[in-house]
Amino acid sequence: MRTSLLPALAAVSPVLAGFDTWAPPGPYDVRGPCPMLNTLTNHGFFPHDGQDIDRETTENALFDALHVNKTLASFLRADAYHGSVLAFNHTIFEETKSYWTDETVTLKMAADARYYRIKSSQATNPTYQMSELGDAFTYGESAAYVVLFGDKESQTVPRSWVEWLFEKEQLPQHLGWKRPATSFELNDLDKFMALIQNYTQEIEEPSCESRKQRRKPRGPSHFGF
């Protein structure tokens, strides 16, 4: 009888929070559009109701669950994710997965998925807009699910881990995932965001070249659309 009460207690008791505890959100719990943060909330690293999340809670949650340096974690606004009206979109995720062309997802695949997802949004949504800050943030998001959730040395992550995380919002320990042994630092984030940007430029440059070939030059050539 006591065992059967654990899922219910996990939703209200921070003492039971951790890797071996998981409970889906209840009818009055708040979740946002980020599967990673929703996952950590379901495991109790954040308050299970998704509310009243402060900086200290964020620092502790990201360090305890993912070994993110607490200084870096303090810059990540978990409270900005929770409470959003946006929900996880399975159709969009299917499009994203189409660019993961192997059982191991690389940083290059993540860059491809990001780039073509943005292009798809631009083509289908007449009100689409993205600020410079928002654009930069997407580089960090794309890098994170590979090198923060996976292996930052090889810059890869098993596809099955990411699919389970996104679709179930649960840590895939049964598939072999473990908390990273080394901490994720600010310089790691800067490095991998720069790599995503470089991969993106490699995608864009052939398009730029083809456009230049189709029109007469009007002066010194330059990179841009």
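A salt bridge here is a side-chain nitrogen of Lys or Arg within 4 Å of a carboxyl oxygen of Asp or Glu. The views below all come from a predicted model, and a search of the whole structure turns up seven salt bridges.

**View 1. Asp135 pairs up with Arg114.** The closest N and O atoms sit 2.7 Å apart, so the pair falls within the 4 Å cut-off. Arg114 has a relative accessible area of 8%, so it counts as buried (under 20%). Asp135, at 25%, is partly exposed.

**View 2. Arg117 meets Glu95.** Here the closest N and O atoms are 2.6 Å apart. Again, distant parts of the chain get linked: Arg117 is in helix H7 (residues 107-124), Glu95 is in helix H6 (residues 90-97), and they are 22 residues apart. Glu95 comes out as partly exposed, because its relative accessibility of 23% is not under the 20% that buried requires.

**View 3. Lys97 reaches Glu167.** Their side chains form a salt bridge at 3.1 Å, N to O. The partners are 70 residues apart, Lys97 in helix H6 and Glu167 in helix H9 (residues 159-168), so to speak a link between distant parts of the chain. Lys97 is buried at 11% relative accessibility, whereas Glu167 is partly exposed at 34%.

**View 4. Glu94, Lys97 and Glu167 make one network.** What joins these three residues? Salt bridges that share partners.

How values were computed. Residues are numbered from 1 along each chain as its sequence is written. This is a predicted model: local features need pLDDT of at least 70, side-chain atom pairs count only at pLDDT 80 or more; totals for chains, interfaces and linings use all residues. Side-chain values use heavy atoms; hydrogens and water are left out. Helices (H or I, at least four residues) and strands (E, at least two) are DSSP runs, numbered from the N terminus. Buried means under 20% relative accessible area, exposed over 50%, partly exposed in between (1.4 Å probe, protein chains only).
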